[in-house]
Amino acid sequence: MKSIAALLAVHNRKEKTLACLKALFMCCLPDDYKLDVYLVDDGCTDGTPEAIKKKFPQVKVIHGNGALFWNRGMHLAWKTAVAHSDYDYFLWLNDDTILYTSAIKELVSCSENERHMKIICGSTCATTCETRITYGGRTLKGDLVKPNGNVQHCDYFHGNIVLVSRHVFSIVGINDPFFHHALGDFDYGLRARKLGIYSVIAPHILGTCDEHETFAAWCNPQTPIIKRFKLLYTPLGNHPLEFFKYEKRHQGLGIACFHFMTNHLRVMVPVLWKNRDN
């Protein structure tokens, strides 16, 4: 029997997390496959772990300290799964993503067709519009790759739905815990690419997930400047040191230095960017 370890990191989104898990366990698995779920509760205070224990007692809940955020939470979930068993696949899943029942079968089928040598990314659409792709694979230009019924290459991806085979894991390893929240998924795909492991998107949309609000308080002219700087350096901000490492690694020292300076300038004079956007 082959095995899949689903990995999640959650914080205070009880209803979304329960809906995500319900959809996950309703997915059809390929014959002779089993599914284990590793979920990091990163300091939830809304009763999420208690509700999971009651409704989905088979989920292996790992308790974080409340300071892991998404990427470090996923790193802990993955590390725990690896220590527990030698899985054939690792499935990344965001807790606000609702899988279609065919999702896992399609992901595994794609991996088999690619001889397990590529990362398989699943695309999501908005809950109110099946034609609007929200998350999935992207090109180096940043464009989302829209599913068209065929496997298509992408350069990096969002971590909402991602299948990593044992072979890929043996080469690329686990996501980099240097990143707190964002960038860990983008970084993984780009690091894999440099190692000769390419990424593709599955032929069809595999679930729903609405886009997150992207407006950042750290560049809001209405926010006091001291608070803007503090927000910039939080895991949910545009943390300059994390972005510097990411851009230096994948775009070069020049781009990393340029954006390090311009992000701080944007904190000091955000109205310049506001006027430019208008």
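A crossing of two helices is called right-handed if the near helix is turned clockwise from the far one by less than a right angle. Keep that in mind as we walk through this predicted model, because the crossing of helix 8 and helix 9 is right-handed.

Let's stay with that pair. Two packed helices are described by the angle between their axes and the distance between the axes. Here helix 8 covers residues 240–251 and helix 9 covers residues 253–268; their axes come within 7 Å and cross at roughly 155°. Angles over 145 degrees count as roughly antiparallel, so that is how helix 8 and helix 9 run relative to each other.

Who does the touching? On the helix 8 side, look for Pro240, Leu241, Phe244, Glu247, Lys248 and Gln251. They meet Leu253, Ile255, Ala256, Cys257, His259, Phe260 and His264 of helix 9. Sorted by class, this contact has eight nonpolar, three polar and two charged residues.

Now slide back to helix 6, residues 184–194. This one is mostly covered, with nine of its 11 residues buried: Gly184, Asp185, Phe186, Asp187, Tyr188, Gly189, Leu190, Arg191 and Ala192. Just after helix 6, check the backbone at Gly196, which takes a positive phi of about 85°.

Last stop: Ser123, which sits in strand 6 (residues 119–126). Is Ser123 buried or exposed? Its relative accessible area is 0%, so Ser123 is buried. Leaving out residues up to four places away in sequence, Ser123 touches Ile133, Tyr135, Gly136, Val145, Pro147, Ile161, Ile201, Ile205, Leu206 and Gly207.

Definitions and conventions. Residues are numbered from 1 along each chain as its sequence is written. This is a predicted model: local features need pLDDT of at least 70, side-chain atom pairs count only at pLDDT 80 or more; totals for chains, interfaces and linings use all residues. Side-chain values use heavy atoms; hydrogens and water are left out. Axes are lines fitted to C-alpha atoms, for helices over the stretch in contact, and angles run from 0 to 180 degrees between N-to-C directions. Helices (H or I, at least four residues) and strands (E, at least two) are DSSP runs, numbered from the N terminus. Angles under 35 degrees count as roughly parallel, over 145 as roughly antiparallel, 65 to 115 as roughly perpendicular and the rest as oblique. Contact means heavy atoms within 4.5 Å. Ala, Val, Leu, Ile, Met, Phe, Trp, Tyr, Cys and Pro count as nonpolar, Asp, Glu, Lys and Arg as charged, and the others, Gly among them, as polar. Buried means under 20% relative accessible area, exposed over 50%, partly exposed in between (1.4 Å probe, protein chains only).
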